[in-house]
Amino acid sequence: MRKAIYIGLVIIVGCQLREKEEKGKVLADKYCSGCHLPVAPALLDKETWIKHVLPAMAPRLGIHVWGEYQYYPPMPGEPQGLITFNDWTTLVEYYQRQAPERLTPAKPPVALQHDSSFFSIIRPVVKDSAVVAATTLVSFHPGSSDIFTSDGNDNSLIRWNMAGQSLYKRRLPSPATDILYLPDQPGQAPQAILTEIGNVRALESPAGIVTRINLADTSRQQDLMPFLRRPVQTLAADFDRDGLTDLLVCAFGHNRGGLYWLKQLPGQQYRQETIAEVPGAIHAETGDFNQDGYTDIMVLFAAGDEGIWLYENNRKGGFTGANILRFPPLYGSTGFQLTDINQDGKPDILYTCGDNADYSTILKPYHGIYIYLNEGNHKYRQAWFYPVNGCTKAVAADFNQDGKMDIASIAFFADLKNNPGEKFILFEGDDRPLSFTPHALPIEKEGHWICMDVKDQDQDGDLDIILGNYAAGFIILQDYQPDWKEYQPFIVLRNNTRRQR
């Protein structure tokens, strides 16, 4: 009799636990999907969920947090939250029971090869080795062999020659993250448009600026659009086909941000038009994607509701948005490139994720490089993935001139303790479709790479690479001391493919 009662109690308790688990999942899907894709407990370890992510999410639903992770409901007289306190505790218990103790590290499909390559290292001439580099921009100038960089410590724009010597430095209101070179005009000095972020840190202050500069005269700056929330990129296109070049600005922001069209008016004035008033716009590409003669926009949003959206030009002064790819908010999207990876005549998507400076600063096995193949009608299929902790950017090109696509990648939040070589990887393509051999060049001690640009700097027929060093800060690994050159703002990887033939 006692045994039967015991078995009955076990069954009842088991059913109650299953019901609570099911309710917890329903609640998580309901309240998370209002802002982004639902996130499975398996994507983070138990401690990160309980001590960091869920306490950060609670206030958004109207739940108060005391200390690290103690919750209490709204006080009498306060407006009620979006979720009841009992439902919130059920949701928290669901993640606490279902999340793993730790994440299993990703196993790369091909082991990283540690070897040299067809690149040689060109280092800049640095006069003061006590200055710590905080490079936020590296860019090859298309009309010369010069280089432009920006530094976040002293808010400067520096021009360097091919030998790595500084030609001039100009002060900026804030660090630049993007430079758009304008076509040369007869009788005018070279011009460029700078995107100045305002704050590298995640703040709401509208201190960002899009400005026009004279590359020959370092004393003048013409602000085209001030008071933006952390703008990170500016593109140029004539969106309304009125003969005047407009601008497109990705303002990443923090809790607020947006994607903006700066319509050019007569007299080189601009009117700001909002395309999407949401944070996280980090990178955009323009093109006539529906082949109607008007310029459309493809943009990656990397905050909250992460994904790639296509904004088709409605030919009436506006855009119609549609989601192309969507990612969980833990991915930390960092960039994408439109390029024909499989050489079938359709542009594919090379996508990277790895931003790791938010609430869940642990190494994540789903960070890395993804290839989505274009199947037509704006449909893309994931066809390749290579795990790279904290991947920041990837560029696909034929670096070794063998007719096959290669990929160069950087990772700012790499596994610096156990796999520092993944800070820069060259994926060498071979004869098999979507098959690459990853090479880690011996440059781990040269810097901590946050930005990259690719161009044939020395005009010898192959592509060179510049890597920008943000030397200090943003280290997520405990008890880790940087072992790279903190004073060195960048290095150039000079491609020797043509010379070696």
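Start by selecting Gly257, which sits in the loop between strand E14 (246-251) and strand E15 (258-265). Before going on, know that this is a predicted model, where local features need pLDDT of at least 70 and side-chain atom pairs count only at pLDDT 80 or more, while totals for chains, interfaces and linings use all residues. Residues are numbered from 1 along each chain as its sequence is written, and side-chain values use heavy atoms, with hydrogens and water left out. Strand and helix names follow DSSP runs, numbered from the N terminus: helices are H or I with at least four residues, strands are E with at least two.

Is Gly257 buried or exposed? Gly257 is buried, at 5% relative accessible area.

Colour E14 next. Six of its six residues are buried, so E14 is largely enclosed by the rest of the structure.

Which strands pair with E14? Strand E13 (residues 231-237) does, antiparallel and over six bridges, and Ala237 stands opposite Asp246 there. E15 pairs with E14 too, antiparallel over five bridges; look for Val249 opposite Tyr260. (Two strands pair if DSSP finds at least two bridges between them.) E14 and E15 make a hairpin with six residues between them, and Gly253 in the turn has a positive phi of about 65°.

**Stop three: another hairpin**

Select strand E5 (residues 135-140). Six of the six residues of E5 are buried, so this strand is largely enclosed by the rest of the structure. Its antiparallel partner is strand E6 (residues 147-151), joined to E5 by five bridges. Click Thr135 and look across to Asp151 in E6. E5 and E6 form a hairpin with six residues between them.

Strands of a sheet pair through backbone hydrogen bonds, either parallel or antiparallel. Show E3, E28, E27, E26 and E25: in the order E3-E28-E27-E26-E25 they form an open sheet with mixed pairing. At the edges are strand E3 (113-114) and strand E25 (391-397), each pairing on one side only. Inside the sheet, strand E26 (residues 406-411) and strand E27 (residues 424-429) run antiparallel, joined by four bridges. Zoom in on Ile407 and you'll see its bridge partner in E27, Phe427.

**Stop five: a helix**

Helix H3 (residues 85-98) has 14 residues and spans 20 Å from first C-alpha to last, close to the 20 Å expected at 1.5 Å a residue. (The expected span is 1.5 Å times one less than the number of residues.) Which residues of H3 are buried? Pick out Asp87, Trp88, Thr90, Leu91, Val92, Tyr94 and Tyr95.

(On a 1 Å grid over the protein atoms alone, a cavity is a set of points where a 1.4 Å probe fits but cannot get out; a pocket is an open set with protein on both sides within 12 Å along at least five of seven lines; lining residues have an atom within 4 Å of a point. Points are joined across faces, edges and corners, and a volume is the space filled by probe spheres set on them.) The largest cavity holds about 40 Å³, and its lining includes Phe412, Phe413, His448 and Leu477.

Now try the second largest pocket, with a volume of about 780 Å³. Its lining has 31 residues, with Thr361, Ile362, Leu363, Lys364 and Leu477 nearest the centre. Helix H2 (46-57) and strand E24 (380-387) are the elements giving two or more residues to this lining.

**Last stop: the cysteines**

How many disulfides are there? The count is zero, a disulfide being a pair of cysteine sulfur atoms within 2.5 Å. For Cys353, the nearest cysteine sulfur, that of Cys391, is 7.4 Å away. Cys353 is buried, with a relative accessible area of 0%.

Methods:
Buried means under 20% relative accessible area, exposed over 50%, partly exposed in between (1.4 Å probe, protein chains only). The expected span of a helix is 1.5 Å times one less than its number of residues.
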